[in-house]
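This report goes through one protein chain, part by part. Please look at the sequence and the 3D structure before reading on.

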Amino acid sequence: MASSVITNPRIPTTRSPSFHNKEPSAPLRRVYLPQTSRTPFPDFYFSTRYSYAAAVVKCSSSPEQATQRRHRPPYVPNRIPDPNYVRVFDTTLRDGEQSPGATMTSKEKLDIARQLAKLGVDIIEAGFPAASNDDFEAVKMIAQEVGNVVDDEGYVPVICGLSRCNERDIKVAWEAVKHAKRPRIHTFIATSPIHMEYKLKKSKQEVIEIARNMVRYARSLGCEDVEFSPEDAGRSERDFLYEILGEVIKAGATTLNIPDTVGITLPAEFGQLIADIKANTPGIENVIISTHCQNDLGLSTANTLAGAYAGARQVEVTINGIGERAGNASLEEVVMAIKCKGDQLLGGLYTGINTYHITMTSKMVEDYSGLHVQPHKAIVGANAFAHESGIHQDGMLKNKGTYEIISPDDIGLERSNEAGIVLGKLSGRHALKMKLSELGYDIQGEQFDNIFWRFKTVAEQKKRVTDADIRALVSDEVFQPATVWKLCDVQATCGTLGLSTATVKLIDAEGKEHIACSIGTGPVDSAYKAVDLIVKVPATLLEYSMSAVTEGIDAIAATRVLIRGEDNQTATNAYTGEQFNRTFSGTGAGMDIVVSSVKAYISALNKMLGYANGPAIGVEAKKASVSA
C-alpha cells in the first residue's frame, strides 16, 4: 500500500529561535499513514516529538500576565477577521444544567451569566427556552440584562437559545433571545443512522428537508446568527454530513457545530472529522466550524483541542466540565491549554478569556449547581496547586516552575500561605473587605454586613480564619437561592440515653415565625423532620454529604444535600408537576454540623419552591431535554 508523508507546515523543522545556537536534541518525527482521499489530520496528534517544546517551562511567569490578553477581533456571525482567534461558547446554563441535581433558579442563572461575561466568553448559551416557563424567563432575563452590557472595548456576549428543529421551539427561542444586542438561535436535529431510525423514524432526505426549512425559518424571524448542529455527528455518515451541512449553509446558517454527542471519538478521529468537513462541505468557507465534545471516554478536552487544531474556530464548553452523563469539555482546561500551547503547538490559536476570573466562576457554578469539583480536577481542583511529596516541595521552595506550569495567579487563585492579610478576631471591616477583594469578590451592602458578623463569630472560635473559611461564608451567604424560608434558630439533643429531638424556628417570606419540634434517629434527622412540619412541602432526601472546609477540630462544616419533590396533592404550597422529576441541591456552612445541615436542607427547599413559583409566560411550554 502506498504511503504519504504528513507534516505540519506551521511548525518549523529547523532549530527553534529559543535555542539560538544549539542544535535540536532530536529530529522532527514524521508520521507515515496509508494514502487516503481524505484531508490528512495534522501529525501533531500522533505523538510527534518537537525538540523545542522543552523551551516552554511555564505558561506565565508573573501575576501581571494573568490579565494580559490579545485583542478580541470584531464580532461577525459567520466569520472571524483573525483566523487564529477561537470563540468560546459556554453552555453551562444549558447542557451543564442537565446534570442530575444541577437545576438552577432564574436568579442563579443570571448571576452565572454575569460572571461568564466577566470571564469574557464570546457566546452564552443561556438555556433551552421551550423546555419550561422558567427556562424561557431565565433566557429572556439574561438577554435583556447581560446581552446589552457593552464594555469599553465594545465586547458584549452573544446570547444564544437552543431549539429543536421545529417552528414552535425556534419561535420561542427567538422570543427569548431577541432582546439581546447579539442574539443567536441554535437549532439541531439528529443525523446518525441509529438516531434517525429509532428516535426520529425519518429518512435522510426528510431530515435534510427539516434542517434546511428550520434554518431558513429562523432567519426569516430576523435572526442573523443561526447555529446548526447535526446531533451525534461523531457516528454519522460522512457523505450525509457534507450534504446536510451544505444545505443548511445555503439556508442561512452562520455556525456549524459538530457534536460528539456520545463522546465516542478519539482525538485523531475527531480532528480528522473536522478536517474532512472543512475539506468536503460546499460553502464551508462562509461559516464558522464549532466543536461540542462529551466526556464519556474522558477525552472531551483532547477532542476539542484536536478539532480547533484541525480548523474549528468555536469551542463549546462548560465551567467545571459539568453536563449530561460524564459531562462536557471543561472551559478552564481548554482555555488554559490554548494559553499554554497556542503559540508553540497549536498554530498561534488564542481566546479572549480573562483567565483571572476562572476560579471565581468555577466556585460560583459549583455552589449554585451543587456539583462538587473533584479534588484532582485539572486547573480548579483543590489539589491542582497542592504539593505533598517531599521532592516536589523541595523543588517548589527553590523554584515554583519546577512543578507548576501554570501560576495560580493566572486563574485568580491565591495560596493562603502567601496571602498578605491574615484575618483573626481583631480584624475589622476594612481588612475583611480587602481580603474579599483579594479573593475576587465584590460584595457590598447588607450582604457584606451579614458576612462580616458571621466572620466575627467564626473568628471568636478560631485563632486564624483562612481563605477557605471566607469562601465558605461567602458561598453560604451569597450563593443561595431566593429566600422563601429562613433559618432563625435550631436546638437539638441527642445521645445514647434517649431519643434525639430537635426544635426549629423558621421565618417565612413575610417575616412570620414558625416553630416545630420533632424526634428522629439523630439530630439531623429530627431537625429535618421539624422543618418538614413547618414547610409542608413533601420532598425526598436523595443525597447528604458533609466535609470540613479546613483541617482541625474547629473547622467550618460544609454540607450538601440533594432532594426531589414528591407528587402529593395535600401540600399547602402548591407547585407544578415539573418538580417531581427534577432534583434540587442545597448547600450550607457553619461551625455546628446540625446548623450547617439544616441550612443546606432549607437551601434545597428554597430552590425547589423558587423554581415552582417562577413567572408564567404567554406561550405554550412543555418539559424537554436534549443532548446535542
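## A sheet of three strands

What is the order of the strands in the open sheet of three strands? The order is β14-β15-β16, and the pairing is antiparallel. β14 and β16 (583-590) are the edge strands; each has a single partner strand, so one side of each has no neighbour in the sheet. On average, neighbouring strands of this sheet are turned by 20 degrees against each other, direction ignored. For such angles, axes are lines fitted to C-alpha atoms, for helices over the stretch in contact, and angles run from 0 to 180 degrees between N-to-C directions.

Strand β15 (residues 557-565) and β16 run antiparallel and are joined by eight bridges. Within this pairing, Arg560 stands opposite Thr587 in β16. Two strands count as paired if DSSP finds at least two bridges between them. Strands of a sheet pair through backbone hydrogen bonds, either parallel or antiparallel.

## Source and whole chain

The model is predicted: local features need pLDDT of at least 70 and side-chain atom pairs count only at pLDDT 80 or more, while totals for chains, interfaces and linings use all residues. Residues are numbered from 1 along each chain as its sequence is written, and side-chain values use heavy atoms, with hydrogens and water left out.

The chain's secondary structure comes to 17 helices and 16 strands. Helices (H or I, at least four residues) and strands (E, at least two) are DSSP runs, numbered from the N terminus. Of the 628 residues in the chain, 54% are buried. Buried means under 20% relative accessible area, exposed means over 50%, and partly exposed is in between (1.4 Å probe, protein chains only). The chain exposes about 27,200 Å², and carbon and sulfur atoms supply 52% of this area. Accessible areas come from the Shrake-Rupley method with a 1.4 Å probe; for residues, only the protein chains shown count as cover. Among contacts between residues at least 6 apart in sequence, 70% join residues at least 24 apart. A contact means heavy atoms within 4.5 Å.

## Salt bridges

The structure holds 33 salt bridges. A salt bridge is a side-chain nitrogen of Lys or Arg within 4 Å of a carboxyl oxygen of Asp or Glu. Side chains of opposite charge can pair when their charged atoms come close. One of these bridges joins Arg560 and Glu543, with the closest N and O atoms 3.1 Å apart. Arg560 lies in strand β15 and Glu543 in strand β14, so the pair ties together parts that are 17 residues apart in sequence. Arg560 counts as buried because its relative accessibility is 7%. Glu543 counts as partly exposed because its relative accessibility is 41%.

The side chains of Arg114 and Glu145 also meet in a salt bridge (2.7 Å, N to O). This pair links distant parts of the chain, with Arg114 in helix α2 (residues 106-119) and Glu145 in helix α3 (residues 133-145), 31 residues apart. Arg114 is partly exposed at 40% relative accessibility, and Glu145 is partly exposed at 36%. Lys107, Asp111, Arg114 and Glu145 are linked in a network of salt bridges. In another pair, Lys377 forms a salt bridge with Glu332, the closest N and O atoms being 2.9 Å apart. Lys377 is in the loop between α11 (358-369) and α12 (390-398), and Glu332 is in helix α10 (residues 331-341), 45 residues away. Lys377 and Glu332 are both buried.

## A nonpolar surface patch

Leu541, Tyr544, Met546 and Ile593 make a nonpolar surface patch of about 340 Å². Patches are made of residues with over 30% relative accessible area and no salt bridge: like charges are joined within 9 Å, nonpolar side chains (Val, Leu, Ile, Met, Phe, Trp, Tyr) within 5 Å. Strand β14 (residues 539-548) gives the largest share of the patch, three residues. Leu541 lies in this strand and is partly exposed, with a relative accessible area of 38%.

Ser163 is in strand β5 (residues 158-164). Ser163 is buried, because its relative accessible area is 0%. Leaving aside neighbours within four places in sequence, its contacts include Phe128, Asp169, His186 and Phe188.

Leu473 is in helix α15 (residues 467-477) and is buried, with a relative accessible area of 3%. Leaving aside neighbours within four places in sequence, Leu473 is in contact with Arg454, Phe455, Val458 and Ile556. The C-alpha atoms of Leu473 and Arg454 are separated by 7.4 Å, and these residues are 19 apart along the chain.
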